[in-house]
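Dear colleague,

I am passing on the structure below for you to look through. My notes on what was found in it follow directly after.

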Amino acid sequence: MVQHRGPGALSLHRILHHHQTMNISSGRLCARHAAGSQWACTTSVDFSLVQFVQVIVLLSTGGANGGGYMASKYVVLAIYCAILILHGLINSLSIQWLAGFGQFGAFWNLAGVFALTILIPAVAKERATMGFVFTHCYTENGVGIHSKVYTLAIGLLTSQYSLLGYDTSAHMSEETKNAAWSGPMGIVVSVALSSIFGWIYLVSLTSIVTNIPALLDPSNDAGGNAIAQALYAAFRARFGSGAGGIVCLAAMAVAIFLCGTASVTSNSRMGYAFSRDGAMPFSPVWYRVNKQEVPFNVVWLSVSVAFVMALTSLGSQVAFQAMVSITTLGMYIAYGLPIFFRVTAARSSFVPGPFHLGRYGVAVGWVAAAWVALVTVLFCLPVAYPVAVDNFNYTPAAVGGVLLLSLGAWALHARFWLRGPVTNVDAA
């Protein structure tokens with residue numbers, strides 16, 4: 001019998017630790033990458049939600065060409081703060097409430113994708129051909145990149161960002177029944193469903209993309225937001241009003257809000273787990289749970305850090321983009337490191353758990369490690385030419401900075417006392 005005590009789900013590197021003897025430094029390195037990336041992920045998701053809300057308000061009040069309301073950067077930050085507070089309040093509830101939000105989020109995403117996949121092509125009077133959808137590459141983009149291969153390569157960032165959060169099920173494993181099996185299954189099922197339904201939805205959405213320059217034009221009704229403009233224009237062309245497009249955007253905004261809720265949940269459980277190991281500053285403060293066994297303090301720490309990270313948007317969009325650029329690449333490096341050490345240093349000592357890939361595990365691990373290595377290089381490439389201060393890709397600096405801090409903290413301090421994750425289960 002296994003009795004779980006408290007929250008703070010095991011992140012991927014922690015699960016591997018329980019199944020094998022792994023080099024502690026590699027675990028700490030991926031842990032610090034994941035922590036920084038998780039906070040940046042919340043910032044990225046919720047700031048994207050604010051931009052969605054902003055364009056919904058703009059279109060609802062007449063659009064950019066009809067005197068619609070365009071929020072200032074201070075109003076945007078205030079809305080962002082309100083959303084973070086809501087996410088903090090939701091994550092302060094008991095695990096039963098969070099489970100309910102998770103189930104609602106799954107339903108909303110599946111139902112929303114199904115509805116929009118049918119609705120969008122049915123409404124649009126003009127639709128792109130499948131040849132255009134699958135073969136056309138827009139290179140007259142104003143950023144100086146005209147190579148189709150290069151555009152495709154750096155465009156992979158969108159799909160990689162969309163499939164982040166593989167580890168969310170693992171973070172909640174200590175609050176899950178039969179976690180050794182249901183945790184990995186949650187990861188596999190969520191990735192499979194996201195890939196299949198996400199692909200179908202994207203094909204449906206891109207089918208109404210016929211005039212790319214018009215969708216990207218800052219002077220259009222949506223202020224240059226291509227997705228919003230495409231939906232708004234499709235409904236207006238069919239019904240004489242873009243209200244249906246605004247409703248579609250609102251449905252997407254709800255999905256993003258639920259994603260932000262899950263992101264804060266993941267942040268808090270990871271922060272709890274790290275503080276339990278003594279790996280965070282002021283760990284005794286964060287290693288506490290309330291009567292509902294919720295890590296209340298670290299929930300609000302996650303919200304606060306996400307807010308502070310967004311403050312850079314007031315001074316410089318370049319600085320803000322540099323801050324959140326660690327989201328995708330940092331998390332993939334955190335995912336890739338334990339996989340790499342599993343197929344190299346721990347290949348002979350690895351002890352599989354109840355859920356494993358059998359003889360295919362090593363081969364799949366090498367493919368995964370190679371893919372992470374590839375996207376790491378791709379996402380560090382310039383995204384505009386000629387390269388200048390205002391379009392420089394600061395991802396290498398952001399990720400490299402976290403890497404150096406992690407290595408430095410390990411070499412100078414943590415290696416003298418850190419003995420790895422603290423076991424949080426009693427076996428009988």
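Over residues 105–124 the chain is 95% helix and 0% strand, with end C-alpha atoms 27 Å apart; helices here (H or I, at least four residues) and strands (E, at least two) are DSSP runs, numbered from the N terminus. That stretch is one of the spans that UniProt, in an unreviewed entry, lists as "transmembrane region", the others being 74–99, 187–209, 239–260, 294–312, 318–341, 362–388 and 394–412; the UniProt positions are given in the numbering used here, feature names are shortened, and annotations may be inferred rather than shown by experiment. For residues 74–99 the end C-alpha atoms lie 34 Å apart, and the span is 85% helix and 0% strand.

Please keep in mind that this is a predicted model, in which local features need pLDDT of at least 70 and side-chain atom pairs count only at pLDDT 80 or more, while totals for chains, interfaces and linings use all residues. Residues are numbered from 1 along each chain as its sequence is written, and side-chain values use heavy atoms, with hydrogens and water left out.

Helix α16 (residues 326–343) has 18 residues and reaches 25 Å from its first C-alpha to its last, close to the 26 Å expected at 1.5 Å a residue, where the expected span is 1.5 Å times one less than the number of residues. Of the 18 residues in α16, 15 are buried, buried meaning under 20% relative accessible area, exposed over 50%, and partly exposed in between (1.4 Å probe, protein chains only). Helix α18 (residues 395–412) has 18 residues and also spans 25 Å between its first and last C-alpha, close to the expected 26 Å. In α18 the buried residues are T395, A398, V399, V402, S406 and W410; seen down the axis of α18 they fall within an arc of 100°, so they line one face of the helix, the arc being that of the directions from the helix axis to the C-beta atoms. On the other side of α18, A397, L404, L405 and L412 are exposed.

On the surface, L110, M130, F134, V189, L193, I196, F197, W199 and I200 form a nonpolar patch with about 820 Å² of accessible area together. Patches are made of residues with over 30% relative accessible area and no salt bridge, like charges being joined within 9 Å and nonpolar side chains (Val, Leu, Ile, Met, Phe, Trp, Tyr) within 5 Å; accessible areas come from the Shrake-Rupley method with a 1.4 Å probe, and for residues only the protein chains shown count as cover. Helices α5 (130–135) and α8 (179–206) each supply at least two residues of the patch, and α8 gives the most, with six. W199 lies in α8 and is exposed, with a relative accessible area of 52%.

The count of salt bridges (a side-chain nitrogen of Lys or Arg within 4 Å of a carboxyl oxygen of Asp or Glu) comes to one. It joins the side chains of D221 and R236 at 2.8 Å, N to O, and links D221, in the loop between α9 and α10, to R236 in helix α10, 15 residues apart. D221 is buried at 10% relative accessible area, whereas R236 is partly exposed at 36%.

Finally, L84 in helix α3 (residues 73–90) counts as buried at 1% relative accessibility, and its C-alpha is separated by 8.4 Å from that of G260, 176 residues apart along the chain.

Best regards
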